[in-house]
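Q: I've got a structure open here and would like to talk through a few of its details with you. Could you take my questions as they come?

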Amino acid sequence: MPLRSLLESWSGLRSVSKQLKWLYISVVLRRVAESFLVVVGPVFLFNLAGQLPIIGQVFQDEFRSGLLAVVIFYLLKRLGVLLLAPLVAKSSISKNPKLSLIIGQSVLMLAIISYTFIQDNIWLFFVIPLLSALNLLWYWTNYYVILASEVEPKHIGQEMGVLEVLVKLMGLLGPLLGTFLAVSVSFASVFWTASFFLLLSILTLVELPNLRLKTVWRWSDFKLAAANYSASAVITGKTWAYWFFGQYFYFGFSTILLPLATFWLQPDLYL
Amino acid sequence: MILAYLSGLAFDNKRQNNRWNLNTGGTRAILWLVRALAWHSPLILVAIESLDRLVSGFFDTTFLSLTILRVRANNSIIYAYNRQIAFAIANIIGSGLIVLILLLDLHLIWLLTTFFLAGSLTLIFVKDQRLRYVLAK
């Protein structure tokens, strides 16, 4: 108990409301699940390129075909966000943040489980991005809304700092364990493990209080935010580097080793 | 991780002066350029990755804190949706660039260079953010 008090006092989590604590636990578990797929997911998609209609036949060499498959997959996911945003925003589910979070997380779990069936049902390659898009819209929008409504503005930096530390800490071993499982057991084992963590994440969301929101969707409101965010969002393109190097790298340590391993394994690629 | 926490403390205590924290986004962009240029030097790459970890410690926490404050200040779920849509557009542009590089058979270093160009734009857009979303202490 003293240790817990010390930790809460030091981290500033003492002032965090109960519902936010459950939300934090949920998002950390979600990040653990995602960290399992950071390397494995794109590598899996990369290897799938040969089976894909049209996409797999654009380039002769395996590397470019694989990279194109990965890019198209994530492109479809983001296009899905654009297409589905008005529908999701106007749906009755979106007026209940707790329900939206749970459904959003469940949809992601369904998407990850679908990975295990994709080789026999290649059409899932085009469905999973849409499920992921629904997850982005239902989960993350309501995550920020709840955070914004519940967080104490005076301590927001400290709280987000602690959250970032937890997320980074929990996400450290995920890529390593994920790739280890993929190599030593199977890709499916990674997807089921990630799904398990997502299930835990969903269960923690049950503790959240019920909030009701009035949602009004207007495209005109989008202009300002888009202008502010679109450029800064591109920096998340860093993720492309993981995908880019993933095909050679089965140890999943960190980006420090990714370029090195890639260069030493395939120097011709860059010459 | 330590820097992520400390930058959060700094955000709370010096909310009027968070430009430096936000400009670490621009630093990350420059690091992409260095990556592209120093591709054949493993030692430099290690140094860059280490530096990137340090800088991202500042950037991630500040960016997240500001996002929450913006959603709160706007008091609307619309802003949260807009954020997702803006991310989608950004990623579609990024994906389009990569497809273009693949189709034109350009050198793969162009990928890293596009990250630099995209990241550099953050410098333009984050410049005035601190003034618009400051909350009274």
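Q: Let's start with Glu34(A): what's its relative accessible area, and is it buried, exposed or partly exposed?
A: Bearing in mind that this is a predicted model, Glu34(A) has a relative accessible area of 25%, and because buried would require under 20% and exposed over 50%, Glu34(A) counts as partly exposed.

Q: Which residue does Glu34(A) pair with at 3.1 Å?
A: That is Arg30(A), with which Glu34(A) forms a salt bridge whose closest N and O atoms are 3.1 Å apart. Both residues belong to helix H2 of chain A, which covers residues 18-48, and they are 4 residues apart there, about one turn of the helix.

Q: Which other residue forms a salt bridge with Glu34(A), at 3.0 Å?
A: Arg31(A) does, and in that salt bridge the closest N and O atoms are 3.0 Å apart. Arg31(A) and Glu34(A) are again both in helix H2 of chain A, here 3 residues apart, which is also described as about one turn of the helix. Arg31(A) is partly exposed, with a relative accessible area of 33%.

Q: How many salt bridges are there over all chains?
A: The count over all chains comes to 2 salt bridges, and Arg30(A), Arg31(A) and Glu34(A) are linked in a network of such bridges.

Q: Which residues does Asn135(A) touch, leaving out those up to four places away in sequence?
A: With those sequence neighbours set aside, Asn135(A) touches Arg30(A), Gly104(A), Gln105(A), Val107(A), Leu108(A) and Trp140(A). Asn135(A) sits in helix H5 of chain A, which spans residues 124-150, and it is buried, with a relative accessible area of 2%.

Q: Moving on to helix packing, at what angle do H4(A) and H8(A) pack?
A: Helix H4 of chain A, residues 97-115, and helix H8 of chain A, residues 187-205, pack at an angle of about 170°, and their axes are 9 Å apart. H4(A) is therefore roughly antiparallel to H8(A), since angles over 145 degrees are put in that class.

Q: Which residues make that contact?
A: On the H4(A) side they include Leu101(A), Gln105(A), Leu108(A), Met109(A) and Ile112(A), while on the H8(A) side they include Phe191(A), Trp192(A), Leu198(A), Leu199(A) and Ile202(A). Gln105(A) and Leu108(A) are also among the residues that Asn135(A) touches.

Q: Backbone question: what's phi of Ile54(A) near, and where is the residue found?
A: Phi of Ile54(A) is near 65°, which is a positive value in a residue other than glycine. Ile54(A) is found in the loop of chain A between H2 and helix H3, the latter running over 62-90, and with a relative accessible area of 66% the residue is exposed.

Q: How about chain A overall, how many helices and strands?
A: Chain A has 11 helices and 0 strands. Of its 271 residues, 58% count as buried, and among contacts between residues at least 6 apart in sequence, 80% join residues at least 24 apart. The accessible surface of chain A comes to about 11,800 Å², with 69% of that belonging to carbon and sulfur atoms.

Q: And the corresponding counts for chain B?
A: Chain B has 6 helices and 0 strands, and 55% of its 137 residues count as buried. Among its contacts between residues at least 6 apart in sequence, 75% join residues at least 24 apart. Chain B exposes about 5,800 Å², of which carbon and sulfur atoms supply 70%.

Q: Which residues form the nonpolar patch on the surface?
A: The patch is formed by Ile93(B), Leu97(B), Leu100(B), Leu104(B), Leu106(B) and Trp110(B), which together have about 560 Å² of accessible area.

Q: Which helix gives the most to it?
A: Helix H4 of chain B, residues 77-103, gives the most to the nonpolar patch, with 3 residues.

Q: Where does Leu104(B) lie, and is it buried or exposed?
A: Leu104(B) lies in the loop between H4 and helix H5 (109-126) of chain B, and at 53% relative accessibility it counts as exposed, because the cut-off for that class is over 50%.

Note on methods:
Residues numbered from 1 in each chain as written. Chains lettered and ligands numbered in written order. Predicted model: local features only at pLDDT ≥ 70, side-chain atom pairs only at ≥ 80, totals over all residues. Heavy atoms only, no water. Salt bridge = Lys/Arg side-chain N within 4 Å of Asp/Glu carboxyl O. Helix = DSSP H or I, 4+ residues; strand = E, 2+ residues; numbered from the N terminus. Buried < 20%, exposed > 50% of the residue type's maximum accessible area, 1.4 Å probe, protein only. Patch = residues over 30% accessible without salt bridge, like charges linked within 9 Å, V, L, I, M, F, W, Y side chains within 5 Å. Areas by Shrake-Rupley, 256 points an atom, 1.4 Å probe, with all protein chains shown as cover. Contact = heavy atoms within 4.5 Å. Axes fitted to C-alpha atoms, helices over the stretch in contact; angles between N-to-C directions. Parallel < 35°, antiparallel > 145°, perpendicular 65-115°, else oblique.
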